[in-house]
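Here is a short briefing to read alongside the model. Keep the viewer open and follow each topic in turn.

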Amino acid sequence: MFIDKAKIYLKAGKGGDGAVAFRREIYVPAGGPAGGDGGKGGDIIFKVDEGMRTLMDFRYQKHYTATNGEDGKNKNMYGKDGEDLILMVPPGTIVREEKTGEVIADLTINNDEVVVARGGKGGKGNSHFKTAVRQAPRFAIGGERGQEFTVILELKLIADVGLVGFPNVGKSTFLSVVTSAKPKIANYHFTTLTPNLGVVRTKYGDSFVLADIPGLIEGAHEGTGLGHEFLRHVERTKLLIHVLDVAGLEDRDPLEDFEKINQELYLYNEKLAEKPQVVAANKTDIPGADINFEKLKSTLNERGIEVFPISAATSRGLDELLNYVSKRLKELELLQEETVVEEEKVYRYQEMEDKYHFTVTKDDDVYVVEGRFIERLVNSTNFDDIDSLSYFQKVLRNRGVIDKLKDAGVSEGDLVKMYSVEFEYFD
């Protein structure tokens, strides 16, 4: 089954907590703090496997979680890092963050890989907080939470040439004749329910990948027919072969069909309509097709578009068409034309987050402070220990939390809430 879109939830590993420990060896007076750091949480990595063709593996399993880092230990021993989780995807996979729609990764080359969700850093043990005036710190820092969010996977087939045209104009027959692909063929609309790929080899030894893009009809860009599902697969192609039925077997004007399909491409993505096109005037073996062909050729030649008379059923004109297409591909490569329409910035997800971002809101008479680093700080603080509490207050001042509370209107005696902790504000 061809699956070209999937939604999955990712949760990278949490960093291990730093340890609170002290040296207890005999003959070591005043041994001091010896709490080790926590290990880093495992990342979630996407890697390209050219042997995959669909996103089928993500249809049934929707949640993916990397392992957590181990907590630090005594004797300054570090916790073990969590193992990374590697997810294999087919070439042509785009990873988007669901909420924003931003592109996190665009994976096209075999074995290409990218960290999509980064594991949390391990917390620091109490040995890091020893100072001249704080000889025996009884606090450590907890590990960071790993990134967690939902992503949309989209597959855009990587083909050199795309076959476009109305249903039942002979695209599948064309593909079956010029490649070893075996698409389903029948005389009714939407025989092709999934894109089909095949490799074309010309008589001169050149080769290129050809994709049959199904479902293009009027209104395709809005989801009519199958067009909305498969138009994305046209985007990575370098050149389009536009197949037209010049015999007019379904009482349609081939020139009108040409205009309608190009309008759908334009409405979906303006740059698709600008891709180089070659017209394959199919079914020229049927009596009466020559009249439509001459009219079509005359009109399109004036617009600089090459038109080739072919018959996919009898193989007439196919060599000439394929040789021309192969030549045009070489010219396009020399011109270094962009092969991917997708121009959105590719992010690494960690760049989309501010590590020390926090918010201050007011709920009735309570000032609520929230943020990932605030949560981590609260969970790491021993509020019964004067040194730990002093460190807590220092971080709040250095990170601008106190200033932001003042900007929000906090005053002496007001209640401030930070996750599980509530306290009265005093400057």
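Which residue forms a salt bridge with aspartate 206? The partner is lysine 330, and the closest N and O atoms of the pair are 3.1 Å apart. Please keep in mind that this is a predicted model.

**Salt bridges**

- A search of the whole structure turns up 16 salt bridges.
- The pair of lysine 330 and aspartate 206 links distant parts of the chain, 124 residues apart. Lysine 330 belongs to helix H5 (residues 318–334), while aspartate 206 sits in the loop between strand E10 (196–201) and strand E11 (207–212).
- Lysine 330 is partly exposed at a relative accessible area of 43%, and aspartate 206 also counts as partly exposed, at 23%.
- Arginine 376 and glutamate 144 form another salt bridge, with 3.3 Å between the closest N and O atoms. Because arginine 376 lies in helix H6 (residues 372–380) and glutamate 144 in the loop between E7 and E8, this pair ties together parts that are 232 residues apart in sequence.
- The side chains of arginine 303 and glutamate 259 meet in a salt bridge with an N to O distance of 2.6 Å. Here arginine 303 comes from the loop between helix H4 (289–302) and strand E14 (307–309), and glutamate 259 from helix H3 (residues 254–268), 44 residues apart.
- Arginine 303 is partly exposed at 44% relative accessibility, and glutamate 259 is partly exposed at 36%.

**A buried glutamine in a loop**

- Glutamine 147 is found in the loop between strand E7 (113–117) and strand E8 (148–155).
- With a relative accessible area of 6%, glutamine 147 is buried.
- What does the side chain of glutamine 147 have within reach? One of its polar atoms lies 2.7 Å from the backbone nitrogen of arginine 118.

**The five-stranded sheet**

- Five strands make up an open sheet in the order E3-E1-E8-E5-E6, and the pairing is mixed.
- Strand E3 (63–65) and strand E6 (103–107) are the edge strands, each pairing on one side only.
- On average, neighbouring strands of this sheet are turned by 25° against each other, direction ignored.
- Strand E1 (residues 5–11) pairs with E8 in the antiparallel sense, over seven bridges. Within this pairing, alanine 6 has leucine 153 in E8 as its bridge partner.

- Glycine 162 has a bridge partner in both: alanine 211 in E11 and leucine 240 in E12.

Technical notes: Residues numbered from 1 in each chain as written. Predicted model: local features only at pLDDT ≥ 70, side-chain atom pairs only at ≥ 80, totals over all residues. Heavy atoms only, no water. Helix = DSSP H or I, 4+ residues; strand = E, 2+ residues; numbered from the N terminus. Buried < 20%, exposed > 50% of the residue type's maximum accessible area, 1.4 Å probe, protein only. Polar contact = N/O pair within 3.5 Å; in protein donor to acceptor, adjacent residues only side chain to side chain. Pairing = 2+ DSSP bridges. Axes fitted to C-alpha atoms, helices over the stretch in contact; angles between N-to-C directions. Salt bridge = Lys/Arg side-chain N within 4 Å of Asp/Glu carboxyl O.
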